[in-house]
Amino acid sequence: MTFKDLGIALPILKAIEEQGYTNPTPIQEQAIPILLNKKDLLGVAQTGTGKTAAFSIPIIHHLHNNPEQTKGKRRIRTLIVTPTRELAIQIADNFTAYSKYTHVKNTVIFGGVKQQRQVNALRNGVDALIATPGRLLDLMNQNIISLRDIEFVVLDEADQMLDMGFIHDIKKIIAKLPKQRQSLFFSATMPTSIVELSKTLLGAFERVTIKPQQATAEKVDQGLFFVSKLNKPKLLVHLINERPSDSVLVFSRTKHGANKIVKKLSQADIKSAAIHGNKSQTARQKALGDFKDGKLRVLIATDIAARGIDVEDLSLVINYDLPNVPETYVHRIGRTGRASASGIALSFCDREERPYLKDIEKLIKQQVPRMPEHQFTDGDDEPAAEEEKRPQQRPNPNRSRNNNRNRNRNRSGNSNNRSANNRNNSSRPRRDD
Ligand code: AMP
């Protein structure tokens, strides 16, 4: 299937082609026809699947085919609500790219910066508004934004919005929407609270599910190191130094932990920066910009700050801490192995994190492949008793499954040699070797 087969307006097809997309991703193939048909949609999918284009393209198509009839200032006809500033900016960038050859205009608003520039952009008139919930409500309360002309509404990353405590804001926003509208609801997971919330937004809807397991198993080579808390910094330095040409995204469960990792890396002469909620918007944008441009090779992020970060050529994700919510693992490793690339995700697991590992493996329905012994061991690194009793299933995370992967492997060094080096360096064999 091609984008042309989907019946998208020509100026949008031209812009998609310019983006270098040749074929629709599964979510685009399934969601675009539903949305072109003006139906409501429940999309169960995470970032990395191409969902931004899946919802933006049909909306731009409708706005392009039914341009504003009244003279004067444009009305806000589309609202896209997303939890973080980074995600909002990214959606706006994509929306702008896909609408480049149409007359559709958009703007983006988010908190943490002065509102005046955003207000000016709104006063000039836009067809589509991309917003984080707090700033949106704020400007609605000041009567700068009205939702009365909304025809298309997208609630993106709904589970993340709930995790971040936006439920009341979201309900207030939904209450202000006109009854007559097309609604789209996206969430990576569907716990009961999200199902309930989706009912308040959607009318009769169609559902598209892109399973996280597909994203996990097919495109990302995973590996797991048992390592004590104390030895995590050393192993991290070792892994980063082993791959001098790779850009590395390191996940930390806490903001404090993220800052500590930056310090430890700096002691080993590795330059890095952390992005998390306590950093200013300017600092976050600068770190992310430098990382995307390749000026900064290592970025440390908390889950909320990193959600949806879209970096081309991100070859390695390291889970310095395992997440306590198993779905988060899937989100994290989805930062690498995006729509057209493949990647590697390595995780550290200390003794206290073993229950998290169990939950993750239950969710992804596979064992995260165990990496060979490393040299940074102490008495606390041994696999748990139940780990030892497991059958000796040792899938090789470095196995090449396709050409794309081979390319990636070459970029990141020879993994077999790497394993061998690790073995040579190790002070003693693993118990399950
Ligand atoms: P998203 O899930 O929307 O964050 O998209 C993930 C990445 O996939 C972004 O970098 C998009 O530019 C890219 N992408 C989206 N659709 C396609 C496509 N059909 N072909 C190739 N890349 C795509």
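Here are legends for a few close-up views of this predicted model.

**View 1**

**View 2. Helix H1 and its buried residues.**
Here we follow helix H1, which covers residues 10–19. Its buried residues are Pro 11, Ile 12, Leu 13, Ala 15 and Ile 16. Their packing partners are two helices, H3 (51–65) and H4 (85–98). Keep an eye on the residue just after H1: Gly 20 takes a positive phi of about 85 degrees.

**View 3. Helices H11 and H12 crossing.**
This view turns to helix H11 (residues 232–242) and helix H12 (residues 255–267). The two pack at an angle of about 60 degrees, and their axes are 10 Å apart. Angles from 65 to 115 degrees would count as roughly perpendicular; H11 and H12 are therefore oblique to each other. Their crossing is right-handed.

**View 4. The contact of H11 with H12, residue by residue.**
On the H11 side, the contact is made by Pro 233, Leu 236, Val 237 and Ile 240. H12 brings Ile 261, Lys 264 and Leu 265 to meet them. Sorted by class, this contact has six nonpolar residues, one charged residue and no polar ones.

Conventions: Residues numbered from 1 in each chain as written. Predicted model: local features only at pLDDT ≥ 70, side-chain atom pairs only at ≥ 80, totals over all residues. Heavy atoms only, no water. Buried < 20%, exposed > 50% of the residue type's maximum accessible area, 1.4 Å probe, protein only. Helix = DSSP H or I, 4+ residues; strand = E, 2+ residues; numbered from the N terminus. Contact = heavy atoms within 4.5 Å. Axes fitted to C-alpha atoms, helices over the stretch in contact; angles between N-to-C directions. Parallel < 35°, antiparallel > 145°, perpendicular 65-115°, else oblique. Left-handed = near helix turned anticlockwise from the far one by under 90°. Nonpolar A, V, L, I, M, F, W, Y, C, P; charged D, E, K, R; others polar.
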